[in-house]
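Me: Please take a close look at the charged side chains of this model and at how they pair. I am new to the structure and would welcome a connected account.

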Amino acid sequence: MPILNRAAELQDEITEWRRHLHNNPELLFDVHQTAAFVEEKLKAFGCDEVVPGIGRTGVVGLIKGRNGGDGKAIGLRADMDALPISEITGKPWASQTDGKMHACGHDGHTAMLLGAAKYLAETRNFEGSVAVIFQPAEEGGAGGDEMVKDGMMERFGIEEVYGMHNLPGLPVGEFATRQGAIMAATDEFTITIKGRGGHAAMPYQTIDPITIGAQVVSGMQLIASRNANPLQSIVVSVTKFNAGNAYNVIPEEAHIAGTVRTLDADVRAMAEERIKQIVKNVADAHNGEATIVYHRGYPVTFNHAEQTDFSVSIAGEIAGAEKVDKNIDPTMGGEDFSFMLESRPGAFIFIGNGETAGLHHPAYDFNDDVIPHGVSYWVKLAETSLAGN
């Protein structure tokens, strides 16, 4: 089937919601205005339950089917938070808050799921229940983990969970996903190297933390090429190296930070071990001292086979099978929907945003032409999954 007529009819209204959210971006868990907007809409739609404050500032609306909600329940998730970026689009609905913008399309994700909730609450053309999940703090705060830890799955009886994210470069009306690992685990490290400072003209009297740090960075770049199977993806990126403030002084300390991205649990563990070994051994070899704080972030976003095949079939009904890539290459970006997929079987899918600026770019804007396609996907997925229980 093509996009739903009702989804097309709702596009202008949903676009207004989306642009309101874009005007008023909020970060991490501080999404109080956004959550209140979502809560107000869900109540107006006639959801059977609307529960704010899950995972601190998340909102869940429960829509029961024609049989009173008995039977299976599925979860549909959208993220609500923005990014600490200054917008340069110049559009009428551009951010009204300097230094904050919806540069990843979470405004569009929220608006599309609200549109689907309105439709589902009007029609109730399913059995069981649909939980529409509006999550805070995807951008680094692990809001998905907070909602899971808060008992969301058990409270609403969610048996399967589905997520969707826009993808610039993929044409509007197309979808893409894959079984297994679709997005990477996102770990971070912070390294402090202590040496002995002194005059730059007499380096033999010092223990140079910059030299030690340079060798640490070089050593870490060998992990991908010499420790990991070339068929297994890994990225080790040093993104900060701070030391000293004068041209003629060797400093006491150097500070290094970066990220590790992997798609496999064994490779993830190996990378952590090797980085810690490199830091210690290189510092020891030069009589310096080093400490490392290694933080495991979001796990791999891992799509379950049965639910991925199901999401592909639904996307194919909306877009046509030829417009659904069911084996897209994984991305080394991260996504905290991974925590929900660890808690329940489900699948994560990309929806085309067209030829727009990339995600996390100050010129990015969600493409409102995507709205009827996304709403139709959510509605068809819910109605098909819950066709008879």
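Reply: The terms are used as follows: buried means under 20% relative accessible area, exposed means over 50%, and partly exposed lies in between, with a 1.4 Å probe and protein chains only. The model is predicted, local features need pLDDT of at least 70, side-chain atom pairs count only at pLDDT 80 or more, and totals for chains, interfaces and linings use all residues. Residues are numbered from 1 along each chain as its sequence is written, and side-chain values use heavy atoms, with hydrogens and water left out.

Glu9 belongs to helix α1. Helices (H or I, at least four residues) and strands (E, at least two) are DSSP runs, numbered from the N terminus. The partner of Glu9 is Arg6, and their closest N and O atoms are 3.5 Å apart in a salt bridge. That term denotes a side-chain nitrogen of Lys or Arg within 4 Å of a carboxyl oxygen of Asp or Glu. Because Arg6 and Glu9 are 3 residues apart in helix α1 (residues 5-9), about one helical turn separates them. Arg6 is partly exposed, its relative accessible area being 27%.

A second pair spans a longer stretch of sequence. Lys72 and Glu160 form a salt bridge, at 3.3 Å from N to O. Lys72 sits in the loop between β2 (58-64) and β3 (73-79), and Glu160 in strand β5 (residues 158-167), so this pair ties together parts that are 88 residues apart in sequence. Lys72 is buried at 17% relative accessible area, and Glu160 is buried at 11%.

Elsewhere, salt bridges with shared partners connect Arg18, Arg19, Lys91, Asp107, Asp365 and Asp368 into one network.

The structure holds 22 salt bridges. There are 31 positive and 52 negative side chains, and the centres of the two sets lie 2 Å apart. In this count Lys and Arg are positive and Asp and Glu negative, while His and the chain ends are not counted; each charge is placed at NZ of Lys, CZ of Arg, CG of Asp or CD of Glu.

The protein around them has 12 helices and 16 strands. Of its 389 residues, 57% count as buried. Among contacts (heavy atoms within 4.5 Å) between residues at least 6 apart in sequence, 82% join residues at least 24 apart. The C-alpha atoms fill a box of roughly 80 × 45 × 40 Å along the principal axes.

Glu127 lies in the loop between α4 (106-123) and β4 (129-135), and at 18% relative accessibility Glu127 counts as buried. Its C-alpha atom is separated by 63 Å from that of Lys194, 67 residues away along the chain. For Glu9 and Thr177, which are 168 residues apart in sequence, the C-alpha to C-alpha distance is 28 Å.
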